[in-house]
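Here is a friendly walk through a two-chain model, taken one neighbourhood at a time. Please keep the viewer open as you read.

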Amino acid sequence: MSATNHRWRKFKNVLMQAVALACALLVVAPLGLVFYHLIKSGIGSVNWAFFTQLPKPVGESGGGMANAIAGTFILLGLAALIGVPVGVLGGVYLSEYGSSRLNWWIRFAADVLNGVPSIIWGIVVYALVVVPMKGFSAWAGGIVLGMMMIPLIMRTSEEVLQLVPNGYREASLALGIPRWRTIVQIVLRTAMKGIVTGVLLALARVAGETAPLLFTAFGNRFWNHSLSDPIAALPLQIFNYAISPYDDWHRQAWAGALVLLLLITAVNVGVRVLTRDRFQKPA
Amino acid sequence: MAKAAAKTELQAPPEKLVQRRWGDAVFERTSLLTALSVFALLALTGYELAHGSRLALHKFGWRFLAGSEWNPVSEQLGALPFIFGTLVSSAIALLIAVPLSIATAVYLTELAPQWLRQPLTLFIELLAAVPSVILGLWGIYVMVPWLREHLFPLLKTTFGFLPLFQGPIYGVSMLAGGIIIAIMIVPIITSVSREILRSVPGLQREAAYALGATRWEVTRIAVLGYAKKGLFGAVILGLGRALGETMAVTMVIGNTPQIKASLFAPGYTLASVIANEFTEATTDVYLSALFEIGLVLLGVTILVNVAAQLLLKTFGGPGVKPQN
């Protein structure tokens with residue numbers, strides 16, 4: 001009786017481990033499948049023209065997404081102008097100042113904000129920027145992505161700032177250096193790598209956002225000449241091409257998706273390799 | 001630290017002291033303002049949506065939530081099909097994603113060989129980084145055809161006696177939407193669950209091992225039992241993401257405002273209708289109704305996220321990090 005019980009327990013142990021492994025493999029399977037199909041269907045259209053030419057009108061094959069690629073980088077630049085200073089300074093406040101009670105609420109609000117669906121941000125910026133400016137614009141697209149970056153960067157910055165040993169702050173203050181200069185020149189500088197990591201991850205995250213750009217940046221089939229005009233973005237172009245009825249556009253969509261995913265993955269992997277380095281060789 | 005700063009200031013010459021106070025004050029106030037921006041953003045979001053939806057609120061009142069007809073031409077606008085679609089697709093997603101994610105998190109923290117843990121974790125983080133629109137593209141051209149040719153017919157022949165699996169198969173459907181959302185929320189539930197399991201004290205496990213428990217028994221009794229509340233928080237957080245997921249769902253759910261028992265039938269979600277119709281809204285009432293749909297979505301996701309954060313924060317292991 002007890003022997004069979006024992007054997008049953010051992011069997012169950014092995015069984016559950018196998019089930020857990022199967023689940024883990026099932027979970028990562030979509031990643032492999034997405035990469036496989038993107039490469040299979042997209043690689044053929046990733047060529048020089050893809051990076052240098054404008055989209056061709058329907059019916060003409062060829063052309064590229066040069067404007068969308070440039071547009072994505074312009075939008076990211078605008079977003080960083082808003083998201084980075086506000087996010088990093090907010091992180092400084094959470095880590096260096098404030099009462100623990102107020103900071104708890106700020107963190108709470110930031111985390112809730114991170115859960116607000118991105119499409120909602122699109123509506124808010126539509127009402128806030130697009131309506132008063134009487135048109136879709138690169139500004140609106142940059143602002144919406146920047147707003148989304150604020151809580152992301154705030155939380156990661158705070159986390160790395162708290163890793164800076166207190167001794168650094170105390171040593172600096174003991175030398176008579178004012179607190180704000182201590183923070184800017186000692187604390188922030190020590191944590192710089194971690195902060196840059198957080199910023200890059202936030203950029204990689206918003207780079208693929210489509211929903212908030214639908215009615216802010218709107219998209220554009222030509223070059224953008226003014227930040228007050230609609231601008232193309234890679235994810236928008238992928239979406240518009242994906243739901244179009246034309247095979248040629250589908251091919252372009254796959255190619256665009258491949259390029260975008262490779263960019264985002266490169267940032268994610270690169271950042272992780274760099275931070276692993278940091279943890280292995282502590283200062 | 002504040003005390004240390006005050007002490008150094010006492011010994012500084014008065015002129016510099018004034019300068020220093022000024023610099024410190026400006027820096028602290030500025031950073032306070034930026035930190036408070038999160039409240040401002042939340043308030044702004046609520047205000048803009050409420051302001052934008054006042055026309056629809058005035059015209060439809062509470063009937064808006066209960067109305068099942070969506071006809072922009074006759075301005076008969078009711079949000080029920082979208083609420084239904086959002087709830088059903090999120091429920092499907094949770095049914096699929098929760099067991100898979102928690103099993104994966106358990107595998108990563110308790111069962112997997114050490115060499116496998118890091119690469120698996122990296123893959124899950126990379127899956128989290130795949131943009132929704134790319135998953136949607138893959139969904140339209142790879143997943144939906146596969147579902148239409150293989151999985152759905154199989155479900156129909158096996159479980160066809162249930163109303164859930166009856167009716168014509170188009171491919172794009174509520175079920176396809178649910179599956180794509182599941183793929184999107186698995187990484188977040190997994191990584192939050194993983195942090196929670198990691199914060200379970202080692203003593204818990206050692207005590208169970210000392211009683212002669214097998215590895216699985218240790219996991220089930222000592223780890224999962226201890227972490228229950230936190231894991232629940234992780235699931236609710238996943239629900240929050242599922243409710244607001246937009247692009248990938250829009251691309252595979254079929255975008256038809258209807259309430260059907262069959263999961264093979266196309267549906268529509270709150271987020272998708274905004275994504276699809278916002279720029280096409282021709283009348284003020286129509287646009288305002290879309291704002292109101294946004295308001296509903298915002299209200300629900302904020303409630304769900306507040307609940308999730310409270311669960312996670314009161315679980316309070318030191319290893320529980322905020323997740324994006």
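B:Glu75 counts as partly exposed, because it has 13 C-beta neighbours inside 10 Å. The cut-offs behind such words are these: a residue is buried if 20 or more other C-beta atoms lie within 10 Å of its own, exposed if 12 or fewer, and partly exposed in between, with C-beta atoms placed from the backbone. You will find B:Glu75 in the loop between strand E1 (70-71) and strand E2 (76-77) of chain B. Its phi is near 55 degrees, a positive value in a residue other than glycine. Most residues other than glycine have a negative phi.

This is a predicted model, in which local features need pLDDT of at least 70 and side-chain atom pairs count only at pLDDT 80 or more, while totals for chains, interfaces and linings use all residues. Residues are numbered from 1 along each chain as its sequence is written, and chains are lettered from A and ligands numbered from 1 in the order in which they are written.

Chain A also has a residue with positive phi. A:Lys134, which is not a glycine, has a phi near 55 degrees. A:Lys134 sits in the loop between helix H5 (118-133) and helix H6 (138-161) of chain A. Is A:Lys134 buried or exposed? With 8 other C-beta atoms within 10 Å, A:Lys134 is exposed. The element names come from DSSP runs numbered from the N terminus: helices are H or I runs of at least four residues, and strands are E runs of at least two.

Now to the helix pairs. Two packed helices are described by the angle between their axes and the distance between the axes. The axes are lines fitted to C-alpha atoms, for helices over the stretch in contact, and the angles run from 0 to 180 degrees between N-to-C directions.

| Helix pair | Axis distance | Angle |
|---|---|---|
| H8(B) and H10(B) | within 9 Å | roughly 150 degrees |
| H6(B) and H8(B) | within 8 Å | roughly 135 degrees |
| H4(A) and H6(A) | 9 Å | about 130 degrees |

Angles under 35 degrees count as roughly parallel, over 145 as roughly antiparallel, 65 to 115 as roughly perpendicular and the rest as oblique. The axes of H8(B) and H10(B) cross at roughly 150 degrees, which makes H8(B) roughly antiparallel to H10(B). The contact draws on residues including B:Ile181, B:Met184 and B:Ile185 of H8(B), and B:Val223, B:Ala227 and B:Gly230 of H10(B). Two residues are in contact if their C-beta atoms, placed from the backbone, lie within 7 Å. By class, this contact of H8(B) with H10(B) has 15 nonpolar, three polar and one charged residues. Here Ala, Val, Leu, Ile, Met, Phe, Trp, Tyr, Cys and Pro count as nonpolar, Asp, Glu, Lys and Arg as charged, and the others, Gly among them, as polar.

H8(B) also meets H6(B), where the axes cross at roughly 135 degrees, so H6(B) is oblique to H8(B). On the H6(B) side are B:Ile124, B:Glu125, B:Leu127 and B:Ala128, and facing them in H8(B) are B:Pro187, B:Ile188, B:Thr190 and B:Ser191. This contact has five nonpolar, two polar and one charged residues. One of its members, B:Ala128, has 19 C-beta neighbours inside 10 Å and counts as partly exposed. Beyond residues up to four places away in sequence, B:Ala128 touches B:Pro187 and B:Ile188.

In chain A, H4(A) and H6(A) are oblique to each other. Their contact is made by A:Ala110, A:Leu113 and A:Asn114 of H4(A) and A:Pro151, A:Leu152, A:Met154 and A:Arg155 of H6(A).

Which residues are buried in helix H8 (residues 179-190) of chain A? They are A:Arg179, A:Trp180, A:Thr182, A:Ile183, A:Val187 and A:Leu188. Seen down the axis of H8(A), these buried residues fall within an arc of 145 degrees, so they line one face of the helix. The arc is that of the directions from the helix axis to the C-beta atoms.

H12(B) is mostly covered, with six of its eight residues buried. Its cover includes H5 of chain A, together with helix H5 (80-111), H10, H11 and helix H13 (284-315) of chain B.

Finally, the contact between the chains takes 77 residues from chain B and 76 residues from chain A. On the chain B side, the largest share, 20 residues, comes from helix H2 (residues 14-52).
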